[in-house]
Amino acid sequence: MTELRDEPVDAEVIDSDLVYEGRVWDVRSDTVRYGDGEIVRQYVAHPGAVAVVALDDDERVALIQQYRHPIRHRDWEIPAGLLDVAGEPPIDTARRELAEEVDLVAESVEPLLSIFTTPGGNDETVHIFLARGLSPAPHPHAREQEEADIRLEWMPLSEAVDAVLTGRMRNGILAAGVLAAAERARRSSQG
């Protein structure tokens with residue numbers, strides 16, 4: 001049996017209109033030749049992002065809480081940020097975001113997984129990294145707007161998994177990251 005995997009498709013885009021140009025992302029309307037016909041789809045064109053599961057020596061994960069207007073919540077998240085510096089590799093963005101959001105540097109940062117956040121509505125891909133060997137950043141980062149009151153908490157990874165599975169923490173990137181980190185730890189302990 002063939003291994004199942006997501007498959008890229010090079011469907012011909014017949015027309016693409018910028019419906020809305022935003023500060024961070026845009027909304028596009030594309031007409032695409034697909035199968036025997038044409039389809040029109042509107043979606044958010046997103047630059048992509050990174051996120052970091054930062055684990056300390058006690059297997060606690062760094063969680064941040066901040067206000068997110070679309071959901072009207074201060075949700076719990078892992079440090080994350082946009083791929084908004086031209087030419088910057090995602091792993092370097094992850095290191096930068098770790099320093100900017102939680103004032104930490106890591107001895108090791110390695111890829112954990114990449115996810116499509118909402119493939120029916122946007123083209124965002126988030127690259128999630130695992131960071132270890134944490135220490136304070138040499139210079140604390142100045143924060144403003146919704147980042148000004150970021151709350152940092154350290155939670156045992158197993159408790160973060162429980163919080164996801166019981167629905168206390170519903171951020172999709174946090175969920176994917178902590179579940180993947182826990183599974184990687186489980187596999188490492190078996191091996």
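Author: Happy to! Of the contacts in the chain with a separation of 6 or more, 56% are between residues 24 or more positions apart, where contact means heavy atoms within 4.5 Å. Please keep in mind that this is a predicted model, in which local features need pLDDT of at least 70 and side-chain atom pairs count only at pLDDT 80 or more, while totals for chains, interfaces and linings use all residues. Residues are numbered from 1 along each chain as its sequence is written, and side-chain values use heavy atoms, with hydrogens and water left out.

In sequence order the pattern reads β-β-β-β-β-β-β-α-β-β-β-α-α. The C-alpha trace spans about 55 × 50 × 35 Å along its principal axes. Of the 191 residues, 35% count as buried (buried is under 20% relative accessible area, exposed over 50%, partly exposed in between, with a 1.4 Å probe and protein chains only). The chain exposes about 11900 Å², and carbon and sulfur atoms supply 51% of that area (Shrake-Rupley method, 1.4 Å probe). The chain carries 19 positive and 37 negative charges, and their mean positions are 5 Å apart (Lys and Arg count as positive, Asp and Glu as negative, with His and the chain ends not counted; each charge is placed at NZ of Lys, CZ of Arg, CG of Asp or CD of Glu).

Now for the part I'd like to show you: helix H3. This helix covers residues 172-190, which is 19 residues, and reaches 27 Å from its first C-alpha to its last, close to the 27 Å expected (the expected span is 1.5 Å times one less than the number of residues). Leu 174, Ala 175, Ala 176, Gly 177, Val 178 and Ala 181 of H3 are buried. As a reminder about helices, an α-helix has 3.6 residues a turn, so residues three or four places apart point the same way. The buried residues of H3 pack against a set of partners: strands S4 (49-54), S5 (60-68), S6 (73-77), S8 (104-116) and S9 (125-136), together with helix H2 (157-165).

Look next at the residue that starts it off. Asn 171, in the loop between H2 and H3, caps the N-terminal end of H3, with a side-chain oxygen 3.0 Å from the backbone nitrogen of Ile 173. A polar atom of the Asn 171 side chain also lies 2.9 Å from the backbone nitrogen of Leu 174, one of the buried residues of H3. Asn 171 is itself buried, at a relative accessible area of 16%. Leaving out residues up to four places away in sequence, Asn 171 touches Asp 75, Trp 76 and Glu 77.

In general, most residues other than glycine have a negative phi. Glu 59, in the loop between S4 and S5, has a positive phi, near 60°, and is partly exposed at 31% relative accessibility. Arg 72, in the loop between S5 and S6, has a positive phi as well, near 55°, and is exposed at 55%.

One more stop is His 46, in the loop between strand S3 (37-45) and S4. His 46 is buried at 13% relative accessibility, and a polar contact of 3.4 Å joins its side chain to that of Glu 124. Beyond four places in sequence, His 46 touches Trp 25, Leu 82, Asp 123 and Glu 124.

Notes
Helices (H or I, at least four residues) and strands (E, at least two) are DSSP runs, numbered from the N terminus. A polar contact is a pair of N or O atoms within 3.5 Å; within protein, one must be able to donate a hydrogen and the other to accept it, and residues adjacent in sequence count only if both atoms are side-chain atoms.
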